Amino acid sequence: MTRVVFLLVPQLHLLDLAGPAQVFSTAADHGLGHEVGYVAEQEDVPTAQGLVLRARVEWPPLAPDDLVVVPGWRAPALRAHGALTPATLERLAAHHAAGGTVASVCAGADALGRAGLLDGRRCTTHHDLQDELARRHPRAVVVRDVLYVVDDRVVTSAGIASGIDLALHLVAVRHGPAAAARIAREMVVYARRNGDEQQVGAMLRHRAHLVDAVHRVQDLIDARFTARLGLAELAGASGVSERTLTRHFTGATGLTPLRYQQELRVERAEHLMAHGATTEAAARAAGFQDARMLRRLRARAAAKSAAAQAG
């Protein structure tokens with residue numbers, strides 16, 4: 001069982017909370033073992049939209065697999081809003097230090113910054129707050145105009161609807177892209193929004209198209225990305241020839257079906273390594289025969305990223 005604990009701050013935005021909470025509660029409905037809870041420094045928490053929420057003031061015990069999320073609040077200026085006591089900020093820092101994941105939506109990034117969790121890390125927030133976040137936390141590396149950023153179990157998002165993207169990403173890395181796609185479909189949300197290419201999961205990053213045949217093939221690959229999938233099998237599932245599938249898939253995603261599957265495997269392997277798995281073990285769990293191909297693909301992605309930043 002994974003606990004997802006939302007830390008509620010007065011004047012929080014309802015959608016910053018409700019969007020991610022819906023993702024994780026839907027994950028629980030699908031049997032993925034999530035337990036959603038709400039804590040605050042006061043039992044009654046007023047929201048920016050006028051609705052008062054009720055939360056617990058006692059924190060539940062947290063384990064390394066658990067997640068703490070700080071939704072954003074109405075904040076024309078970060079300095080004057082979102083007050084949290086040192087004890088609460090210490091809880092955030094301690095959970096991360098113990099191996100847990102801490103996330104924020106919109107202005108919630110400021111709480112992570114005050115807990116010391118943004119120092120030396122890449123992060124983001126709502127575009128109206130990016131300059132102030134950078135001034136308040138000069139040791140943070142603020143990435144501008146992206147949906148969300150993941151850096152060493154610190155996950156920050158731009159706010160409002162991007163909190164849903166963040167939550168779907170976290171479900172995808174823990175339970176696989178097919179699980180995230182099922183939840184997105186059930187929530188009737190557009191689960192194909194692009195963000196920072198290096199930070200958005202492959203399942204979301206290459207879904208920004210409307211080609212149904214390609215989506216069907218992606219659904220199949222998402223569900224079985226660790227298995228050996230031949231082009232003939234994929235073409236049969238899409239109802240087109242192998243040549244037509246390759247042409248349509250590449251045109252819609254910029255990748256061949258094999259390269260798409262490889263990206264899912266690399267993403268899964270990197271998640272496992274970030275949680276202590278060896279390169280060899282992560283490679284096998286992600287579907288590679290050994291670690292050589294994983295190392296080659298990671299080196300290629302690193303070189304591509306460096307070239308993009310240099311350009």
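First, the ground rules. The model is predicted, so local features need pLDDT of at least 70 and side-chain atom pairs pLDDT 80 or more, while totals for chains, interfaces and linings use all residues. Residues are numbered from 1 along each chain as its sequence is written, and side-chain values use heavy atoms, without hydrogens and water.

Start with the helices. Helices here are DSSP runs of H or I, at least four residues, and strands are runs of E, at least two, numbered from the N terminus. Helix α5 spans residues 162–175 and helix α6 residues 177–187. Their axes come within 6 Å and cross at roughly 145°. Axes are lines fitted to C-alpha atoms over the stretch in contact, with angles from 0 to 180 degrees between N-to-C directions.

Who touches whom? Contact means heavy atoms within 4.5 Å. On the α5 side, the residues include Leu168 and His175. On the α6 side, they include Pro177 and Ile183.

Ile183 comes up again. Thr26, in helix α1 (residues 14–29), touches Ile183, Glu186 and Met187, leaving out residues up to four places away in sequence. Thr26 is buried, at 2% relative accessible area. Buried means under 20%, exposed over 50%, partly exposed in between, with a 1.4 Å probe and protein chains only.

Phe6 sits in strand β1 and Tyr38 in strand β2, so their pairing ties together parts 32 residues apart in sequence. Phe6 is buried, at 0%. Tyr38 is partly exposed, at 31%.
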